[in-house]
Amino acid sequence: MSQHHFPPGPPPIKGAIAQLRFLSDLTKDFMGFLVKNHELYGDIFQFQIGNMRQYVITDPDLIHQVLVAQAAKFQKDSDYTDTKRGLARFLGNGLLTSNGDFWKRQRRLVAPSLHARRIEAYADTMVNYALDTVNSWQDHARLDISEEMRRLTMRIVGKTLFNADVVDDVEDVATAMEVIQHYFVEGRAMLLPTWVPTPAERKARQARRALDEISYRLIQDWKTTREDRGDLLSMLLMAEDEDRKHMTDEQARDELVTLFLAGHETTANALNWTWYLLAQNPEVEAKLHAELDTALAGQPPTLADLKRLPYTEMVVKESLRLYPPAFGFSRVAMEDLEIGGYFVPKDTVVAITSFITHHSPQWWDEPEAFQPERFTPENEAAQQRYAYVPFGGGPRVCIGNSFAMMEAQLLLATIASRYQLRLQSGQVVEMLPLITLNPKDGLPMTVQQRQPVAVPELVLA
Ligand code: HEM
C-alpha cells in the first residue's frame, strides 16, 4: 500500500483563528468550497483542519469503493453519531445514525414496512393527501411551495408509517427540523460547550423536546390498545429480540423520529426543485402535462397508472440529478486502507458529494440542462454506474427509496394535472445546502389552475 500517497488539496489550516475563519466561511458557502476545490484538485481531494483530515470524492469508481466494495471498512462518522453535536443529538440511535450489529438488526426490522410490495398500499393515502393540499389552494394565490410540500410529505409519512394524522404537529416538527438543519451545519463552527445556554443551544433543546413529545405520544397511543395495525409503529413495538425482549420506548422513539424526519424532508425538497425546474423549462412541462392529460384524463392517479407515466418518472429522476436533496454524505475509515491509489488513514472522514458528481461534464453531456430524456431505459442503462447516487448505495442505501420515488411521482402527477406553478419574472431561487438541499428563503410561487377538474370526495381517515 502506498502509505504516504495522499490526495491533493489546499494547505492544512493551522491555528485556532484561521480554523474558526475557515469554518465560518465553509458554513457560508459550502457548495462553493466543494466546486472550487473539485476544479482545482480533481475527483479526490483532501483538506485538513488541525488534526482533522477529510477527503472529498466525486468519481463514480471511488464512490463504489466506499459505499459498496469496501463498505465494511467504513462507518457513519461523528457528524451523524456524535450525541452532542451530530445528528444523533436529535435522532438518537436510529437507522440513520447507528452502526454495527445494532444498525443491522434495526434495518432488518424496519425494511419490511418500506419494501416495494408493502408500500403499494400507501399509494391512495399519498394521492388523497395531495388532493387535500390542492383543494386548499386558490387560483392565482402566491404560496410558499416549500411549506406546502413539507406539510404534505410530513402528513403522508405520519399516516402511512405511524397511522397518525399529524396535522396538528406540523408546525412543531417544521420548527424542529429547521433548528436541526442549521445546528448541524453551524454547530460545527461553534466551539462553546453545549451546556452554555446560547440561543442556538436553547433552540436545539426545544427541538429535541418537541420531537420527544410527539413520538412518545404516538408510542403511548399505540400502547393503549397494543393492536397490530400493520403499520411500522406496531411492527417496531411488537418486535422481540432473541431474548424475547421488546424494544425500549427510547429506541422506538429514535426510529420513529428518524423515519419521520428522513422520510419527509428529502422528498419535500425533491418536489420543490422539480417545481422550480418545470417553471423554467416550459417544453418539459408541456410534455409532462401531455402525458398526464392523456393517461389520467383529469382523474387522480392510482398505483396502476404509474406504469403509464414514464415521463413523470424521468422528470423526477432528472430533478434528483440536478438537485439531489441528500447532496453529500460521509463515512469514516475504521482502519488504514486505500482508495484510488491513495492512502486513507484510519479515522479519515470521506465525503461523497453527489451534487458535484451529478453536475460533472465527465459523466453528463450539458450537465446543467434539465433533460428528463437522460432517463429513458436505454439511456439509463448506458450511464456510468455510481455517477448517479441520489439515494446512496451499498448496504446503507436509502431504505425509503421506493417509497420516495412512488410518492414523488404520485404527488407530481396529482398536482401537475390540476395546477401550474409559476415563478415571478426574474425570480432566482438560491440553494441552501444544510443537511438537505433546501431552497434559500423558501419557494414563493403562484399557483394557476390548469383546467377545472372534478375533485372526488376525499376520505382521509
Ligand atoms: C427523494 C427522497 C429521498 C432521498 C433523496 C434520500 C436520500 C438518502 C440517502 C442518500 C441516504 C444514504 C445516506 C448515507 O449513505 O449516508 C439515505 C438514507 C436513509 N433514508 Fe433516505 N432519501 C429519501 C427519502 C426517504 C424516505 C421517504 C425515507 C423513509 C420513509 C427515508 C429514510 C432513510 C433512512 C432511514 C436512511 C438510513 C438508512 C440506513 O443507514 O440504513 N429516506 N436517504
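## Two loop residues with positive phi

Aspartate 347 sits in the loop between strand S7 (342-344) and S8. The model is a predicted one. Phi of aspartate 347 is near 75 degrees, a positive value in a residue that is not glycine. Most residues other than glycine have a negative phi. Aspartate 347 has 15 C-beta neighbours inside 10 Å, so it counts as partly exposed.

Arginine 226 also has a positive phi, of about 50 degrees, and is not a glycine. Its place is the loop between helix H11 (199-225) and helix H12 (232-238). Is arginine 226 buried or exposed? Arginine 226 counts as exposed, because it has 9 C-beta neighbours inside 10 Å; the cut-off for exposed is 12 or fewer.

## The five-stranded sheet

Five strands make an open sheet. Their order is S1-S2-S8-S5-S3, and the pairing is mixed. Strand S1 (44-49) and strand S3 (74-75) are the edge strands. Each of these two pairs on one side only.

Take the pairs along the sheet. S1 and strand S2 (residues 52-57) are antiparallel and share six bridges. Phenylalanine 45 faces valine 56 of S2 across this pair, standing opposite it. The hairpin of S1 and S2 has two residues between the strands. In that hairpin, glycine 50 takes a positive phi near 55 degrees.

S2 and S8 pair in the parallel sense, over four bridges. Here glutamine 54 has valine 349 in S8 as its bridge partner. On to the next pair: strand S5 (residues 329-333) and strand S8 (residues 349-352) are antiparallel, with four bridges. Arginine 331 stands opposite valine 350 in S8.

## The three-stranded sheet

A further open sheet has three strands in the order S4-S12-S9, with antiparallel pairing. Its edge strands are strand S4 (142-144) and strand S9 (419-422), and each pairs on one side only. Neighbouring strands of this sheet are turned by 40 degrees against each other on average, direction ignored.

How many bridges join S9 and S12? S9 and strand S12 (residues 444-449) pair in the antiparallel sense over four bridges. Leucine 421 stands opposite valine 447 in S12.

Helix H15 (residues 282-296) packs against H19 at an angle of about 95 degrees. Their axes are 10 Å apart. H15 and H19 are therefore roughly perpendicular to each other, since angles of 65 to 115 degrees count as such. H15 brings Leu288, His289, Leu292 and Leu296 to the contact, and H19 brings Ala413, Ala416 and Ser417. By class, this contact of H15 with H19 has five nonpolar, two polar and no charged residues.

H14 and helix H16 (residues 310-322) pack at an angle of about 100 degrees, with their axes 9 Å apart. That makes H14 roughly perpendicular to H16. On the H14 side, the contact is made by Ala270, Trp273, Thr274 and Leu277. On the H16 side, it is made by Val315, Val316, Ser319, Leu320 and Leu322. The contact of H14 with H16 has seven nonpolar, two polar and no charged residues.

## The ligand shell

Which residues of the shell are closest to the ligand? They are Gly263, Thr266, Gly392, Cys398 and Gly400, among 24 residues that surround the ligand. By class, the shell has 16 nonpolar, six polar and two charged residues.

Three helices each supply at least two residues of the shell: helix H13 (249-262), helix H14 (265-280) and helix H19 (401-418). Two of these helices return from the section above. H14 packs with H16, and H19 packs with H15.

## An exposed helix residue

Asparagine 135 lies in helix H8 (residues 123-135). Why does asparagine 135 count as exposed? Asparagine 135 has 10 other C-beta atoms within 10 Å, and 12 or fewer is the cut-off for exposed.

The C-alpha atoms of asparagine 135 and leucine 237 are separated by 36 Å. Along the chain, the two residues are 102 residues apart.

Note on methods:
Residues are numbered from 1 along each chain as its sequence is written. This is a predicted model: local features need pLDDT of at least 70, side-chain atom pairs count only at pLDDT 80 or more; totals for chains, interfaces and linings use all residues. A residue is near a molecule or strand if its C-beta atom, placed from the backbone, lies within 6 Å of it. Ala, Val, Leu, Ile, Met, Phe, Trp, Tyr, Cys and Pro count as nonpolar, Asp, Glu, Lys and Arg as charged, and the others, Gly among them, as polar. Axes are lines fitted to C-alpha atoms, for helices over the stretch in contact, and angles run from 0 to 180 degrees between N-to-C directions. Angles under 35 degrees count as roughly parallel, over 145 as roughly antiparallel, 65 to 115 as roughly perpendicular and the rest as oblique. Two residues are in contact if their C-beta atoms, placed from the backbone, lie within 7 Å. Two strands pair if DSSP finds at least two bridges between them. A residue is buried if 20 or more other C-beta atoms lie within 10 Å of its own, exposed if 12 or fewer, and partly exposed in between; C-beta atoms are placed from the backbone.
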